[in-house]
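Here is a colleague's note to read alongside the model. Please keep the coordinates open while going through the points.

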Amino acid sequence: PATTSVLKQPLFDDVCQKEHLTLTPNDHLHLIAEALQGTSCKTRVLTLQGFTEEDIDSLPLIAKALATSPTIEYLYIYHCTNSHTPTLLAQALETNTTLISITMSRCPNVGDDGIALIASALKMNPQSSISSVDFSNIGMGDEGVKALMQDTNVCELSLGNDDNIGLEGIKAIAKAIARPTSCMRKMCLRQIHLSNTAMKHVSRALRKSHLEHLHLESANTLTSSGIIAMAHSLKVNTSLKWVRIASVDFTSGGQALCQALQWNVSLHRLYLDGAFVRTVLIL
């Protein structure tokens, strides 16, 4: 108790002054969590890193702090293998009103069930300010994507490096961005199995979407027929301003893209990075 008393005030002062705070498992998280809930706290960016199953007592404290934090806007969670992470995060999101962005990477135990909990919490909280999510290497599959796409308040979506995301997941994304009420303006799909069939669903959705920024990076499964489908959509799309297409085979799709650019009136930049072409077009 004496040690706690000596540590408490300096630790409170240190935490409260940091706009960017990174937390790893340690013995003082109960004090840090208490400081994060204070009205004098200046922390806007919180990073959680390296929490494992052994840290079962620590994470609930941080989740409680997140639930009532008056300042935290950006949350980054890296290399967390604790299986309770998604449940605790969902509990915090049910009442949090300050967070605007969540990034989770290399947290393999999240999975579809964890994403469903998080998506449900976002949907249940009418005061949620979350507008940007970035999930990669979290064990998410099609069902997780479907759950996430039910939240129409997401403006920026980034998914990547999850092998279980397949055609059904891409179809759910396409359906979401094609909704007239969709808020999504930026979408990034990195290193997922974006097949030509999946690309055709995305391309059809682009004819109706309000996306302004699109980044597609296929895990070596997208070839020219998918690019041609994209080109047809670019001819009529009037919202896209920035497009990057990476890690694909442009063997015969390049000509179709060039033709599409003659019709498109909104696109400012097109980045092409593939097996046979690497260039940047500033339009």
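Which elements are included in what covers the buried residues of helix 3? Point 2 takes this up, after the overall picture.

1. Overall make-up. This is a predicted model. The protein chain has 10 helices and 11 strands. Of its 283 residues, 50% are buried. Take the contacts between residues at least 6 apart in sequence: 79% of them join residues at least 24 apart. The chain exposes about 13000 Å², and 51% of that comes from carbon and sulfur atoms.

2. Helix 3. The cover over its buried residues includes strand 1 (20-23), helix 2 (29-36), strand 2 (45-49), strand 3 and helix 4. The buried residues in helix 3 are Leu 59, Ile 62, Ala 63, Ala 65, Leu 66 and Ala 67.

3. Largest cavity. The structure holds two cavities of 30 Å³ or more. The largest has about 90 Å³ of space. Helix 3 (59-68), strand 3 (74-78) and helix 4 (85-93) each give two or more residues to its lining. Leu 59, Ile 62, Ala 63 and Leu 66 are among the lining residues, as are Leu 75, Ile 77, Thr 85 and Leu 89. By class, the lining has 10 nonpolar residues, one polar and no charged.

4. Nonpolar core. The largest nonpolar core has 85 residues. Those that touch the most other members are Leu 36, Leu 46, Met 104, Phe 135 and Met 187. Look at Met 104 in detail. Beyond four places in sequence, Met 104 touches Ile 77, Thr 85, Leu 89, Val 110, Ile 118, Asp 134, Phe 135, Ser 136 and Ile 138.

5. Largest pocket. Its volume is about 150 Å³. Of the 14 lining residues, Glu 156, Leu 157, Ser 158, Lys 186 and Cys 188 are the closest to the centre. Two or more lining residues come from each of strand 4 (101-105), strand 5 (132-136), strand 6 (156-160), strand 7 (186-192) and strand 8 (213-218). The lining divides into five nonpolar, six polar and three charged residues.

6. Ser 101. Is this residue buried or exposed? Ser 101 counts as buried because its relative accessibility is 10%, and the cut-off for buried is under 20%. Ser 101 sits in strand 4. Leaving out neighbours within four places, its contacts are Glu 73, Tyr 74, Leu 75, Ile 130 and Ser 132. Asp 134 is 33 residues away from Ser 101 along the chain, with 8.1 Å between the C-alpha atoms.

7. Backbone checks. Most residues other than glycine have a negative phi. Two residues deserve a look here. Asn 161 has a positive phi, near 55 degrees, and is not a glycine. Asn 161 lies in the loop between strand 6 and helix 7 (167-177). With a relative accessible area of 35%, Asn 161 is partly exposed. Gln 191, also not a glycine, has a positive phi of about 50 degrees. Gln 191 is placed in strand 7. Its relative accessibility is 27%, so Gln 191 counts as partly exposed.

Note on methods:
Residues numbered from 1 in each chain as written. Predicted model: local features only at pLDDT ≥ 70, side-chain atom pairs only at ≥ 80, totals over all residues. Heavy atoms only, no water. Core = buried A, V, L, I, M, F, W, Y, C linked by side-chain atoms within 4.5 Å. Buried < 20%, exposed > 50% of the residue type's maximum accessible area, 1.4 Å probe, protein only. Contact = heavy atoms within 4.5 Å. 1 Å grid on protein atoms, 1.4 Å probe; cavity = no way out; pocket = protein on both sides within 12 Å on 5 of 7 lines; lining within 4 Å. Points joined across faces, edges and corners; volume = space filled by probe spheres on them. Helix = DSSP H or I, 4+ residues; strand = E, 2+ residues; numbered from the N terminus. Nonpolar A, V, L, I, M, F, W, Y, C, P; charged D, E, K, R; others polar. Areas by Shrake-Rupley, 256 points an atom, 1.4 Å probe, with all protein chains shown as cover.
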